Structures are given as C-alpha cells and as structure tokens.
Amino acid sequence: MSLENVYEAVLTGNAPATATATQASLDEGLTAEQVLNEGCIPAMTEVGRQFEIGEKFVPEMLISARAMTAATTILKPLLAEEGVEKVGTVIIGTVAGDLHDIGKNLVGMMMEGAGFEIMDLGTDVTPQQFVESVKETKPDIIAMSALLTTTTKSMISTIDALNEAGIRDQVKVMVGGAPITQGFADKIGADGFSADAGSAARKAKELIGLAA
Ligand code: B12
C-alpha cells in the first residue's frame with residue numbers, strides 16, 4: 001500500500017508525501033532496495049513517458065526529481081551500509097552537457113554500500129576535469145553517467161582525453177545511463193557497463209578482480 005503511495009507521490013512531485021510514504025514502506029518491513037526499485041524508479045520512468053508524449057513538461061520533471069531526492073535522502077544510509085571495508089576508489093560524474101544526476105547518485109550510493117570510496121564530481125563534468133581528478137586521486141575506476149543521447153559523445157571525448165594524457169590504462173572506465181547499452185560501451189572501449197545501480201556496484205567489484 002505505502003509503495004503505491006511512494007509511486008504516486010514521486011509521480012505527482014509531492015516531496016513531503018514521498019518522504020512520509022517512504023518511511024511508512026520501511027516501517028512495513030520493505031527493504032530500501034524494494035522502495036527504490038518498485039516505487040521510486042517506476043514513477044520516474046512514468047514521468048519520462050509522460051514527458052515524451054507531451055503530458056508533462058520540464059518543471060514537472062524537476063519537481064518529481066525533487067520528490068525522488070526526498071526518498072533517496074531517507075534510503076541512502078540504508079543502502080550504503082555502515083562499516084563496510086574499503087575495497088577501492090571510484091570517481092563518478094555526469095558527463096559534460098548533462099545535468100541529470102539521480103541515477104548517478106544512486107550508482108554512487110550502491111557502490112559506497114559495496115565498500116568503494118566515492119569521489120563525486122557532480123554533473124556537467126568535462127573530459128579535462130575527469131583527467132585531472134584521475135591524475136590527482138588515482139582511482140581504480142571512473143564511472144560516467146549520461147542521460148541524453150547528445151551527451152553520450154562526451155563519454156567518447158573523456159576516453160580520448162584519458163588516452164591523450166597517457167593514463168587510460170591506469171583506470172577502469174564504467175559507463176551507464178538510460179541511453180547507454182553494452183554495445184555502445186564496447187564500441188567506445190569502456191571496460192564496464194550496467195543497466196542499474198545494483199548491478200553497477202557488482203560490476204565495479206568484478207572490474208577490480210573481486211567476487212561480485
Ligand atoms: C528527471 C529528469 C530530468 C530532470 C533532471 C533532474 C536531476 N537532478 O537529475 C530535469 C528536469 C533537470 C531534466 C532536464 C532535461 N531533460 Co530530462 N529527464 C528526466 C527523467 C524524467 C528521469 C531521469 C531519472 O532520474 N531517472 C531515474 C534514474 C534512477 O534512472 P537513470 O538515470 O536511468 O539511472 C539508472 C541507470 O541508467 C543506471 N545508471 C545511471 N548512470 C549510470 C552510470 C554508470 C557508470 C552505470 C554503470 C549505470 C548508471 O543506474 C541508475 C539507477 O538504476 C528522464 C526520463 C527517463 N525515463 O529516463 C528524462 C530525460 C532523460 N530527459 C530528457 C530531456 C530531453 C531533457 C532536457 C533536454 C529537456 C529540455 N527540453 O530542457 C533537459 C536536459 C538538461 C541537461 N542539460 O541535462 C530526455 C532525453 C532524451 C534523449 N534520448 O536524449 C528523457 C529520456 C525524457 C524523454 N523521454 O524524452 N530532466
């Protein structure tokens with residue numbers, strides 16, 4: 001019942017109701033992952049569908065995104081279990097020209113829960129910013145997110161920039177986001193792709209040679 005309320009509240013962009021329904025779902029015994037995967041994400045998918053057919057517009061996408069953040073604020077500590085042993089470092093960011101960060105944040109949370117230290121560069125991250133932070137931080141993985149077909153090109157530019165800086169072989173590259181496929185990841189020479197946050201965390205472990 002509360003899960004339906006989470007769905008409705010995110011869909012209508014009601015942040016306080018989203019927070020209340022999220023907490024109620026947890027109190028009923030649902031896991032944080034269930035609330036996310038069966039309440040919040042389907043609602044955002046429906047928001048996207050309605051936008052596509054002209055029933056919702058950018059401000060409505062934005063208020064739904066805010067409502068989703070009200071849920072993830074509550075879910076984050078539960079998804080990223082405390083006291084997990086550090087297994088590696090990930091630099092994560094949404095690529096240049098792209099401001100979508102909900103999926104990226106979820107991937108970061110799940111990776112954190114799997115034991116990675118996360119350095120989040122935010123959104124609209126240029127290839128040069130990725131390169132500079134790889135030089136400074138020497139992470140195991142960089143994880144790039146893109147939600148727009150047009151900004152998937154920035155993933156190619158970032159891999160080119162890593163090559164030009166001579167550091168491509170020092171770091172594993174993961175890509176993801178709604179328009180990304182395994183085929184695209186292979187084509188641009190990324191090391192890993194996954195379609196959702198849970199499998200992204202497992203893939204990250206696999207890439208650094210740990211059991212997923
Ligand atoms: C919310 C939203 C917005 C919000 C973003 C708020 C925010 N803080 O993120 C706002 C209103 C700002 C916005 C703006 C725009 N948006 Co918008 N937006 C969406 C919407 C509805 C939901 C995205 C979302 O959060 N989904 C939920 C999350 C959980 O899913 P996700 O991001 O896909 O992430 C999951 C996986 O992809 C994966 N993943 C994500 N990143 C990574 C990274 C790695 C490394 C890995 C392994 C996995 C992974 O794991 C995540 C969790 O499971 C989508 C529709 C959709 N269904 O995707 C449109 C959509 C992405 N937007 C779209 C458009 C067109 C725009 C605008 C151009 C609209 C405009 N005319 O201004 C602008 C662009 C602004 C910009 N420069 O970025 C189009 C893109 C079309 C296309 N193919 O290019 C979509 C698909 C809507 C549509 N159906 O047309 N948008």
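At what angle do α4 and α5 pack, and how far apart are their axes? I started there. This is a predicted model, where local features need pLDDT of at least 70, side-chain atom pairs count only at pLDDT 80 or more, and totals for chains, interfaces and linings use all residues. Residues are numbered from 1 along each chain as its sequence is written, and side-chain values use heavy atoms, leaving out hydrogens and water.

**Helix pairs**

I read an angle of about 5 degrees for α4 and α5, with the axes 10 Å apart. Axes are lines fitted to C-alpha atoms, for helices over the stretch in contact, and angles run from 0 to 180 degrees between N-to-C directions. The two helices, α4 and α5, are therefore roughly parallel. My cut-offs: under 35 degrees is roughly parallel, over 145 roughly antiparallel, 65 to 115 roughly perpendicular, the rest oblique. Helices (H or I, at least four residues) and strands (E, at least two) are DSSP runs, numbered from the N terminus.

I listed the contact next (heavy atoms within 4.5 Å). From α4 come Ala 65, Met 68, Thr 72, Lys 76 and Leu 79; from α5 come Ile 102, Leu 106, Met 109, Met 110, Glu 112 and Gly 113. By class, I noted seven nonpolar, two polar and two charged residues. Ala, Val, Leu, Ile, Met, Phe, Trp, Tyr, Cys and Pro count as nonpolar, Asp, Glu, Lys and Arg as charged, and the others, Gly among them, as polar.

Then I checked α1 (residues 2-11) against α4 (residues 58-79): their axes come within 7 Å and cross at roughly 140 degrees. That makes α1 and α4 oblique to each other. Ala 9, Val 10 and Leu 11 of α1 meet Ser 64, Ala 67 and Met 68 of α4.

**Sheet**

I traced five strands in an open sheet, ordered β2-β1-β3-β4-β5, with parallel pairing. Two strands pair if DSSP finds at least two bridges between them. β2 and β5 (192-193) sit at the edges with a single partner strand each, so one side of each has no neighbour in the sheet.

I found five bridges between β1 (residues 88-94) and β2 (residues 116-120). Gly 88 faces Phe 116 there. β3 (residues 141-145) and β4 (residues 172-176) are also joined by five bridges. Ile 142 is opposite Val 173 in that pair. Helix α7 (residues 152-164) packs on the sheet, touching β3 and β4, at about 155 degrees to β3.

**Cobalt**

I looked up which residue holds the cobalt atom of the ligand. The only protein donor is His 100 (NE2), at 2.3 Å. Donors are N, O and S atoms within 2.8 Å of the metal (3.2 Å for Na, K and Ca); water is not among the atoms, so sites may look incomplete. I placed His 100 in the loop between β1 and α5.
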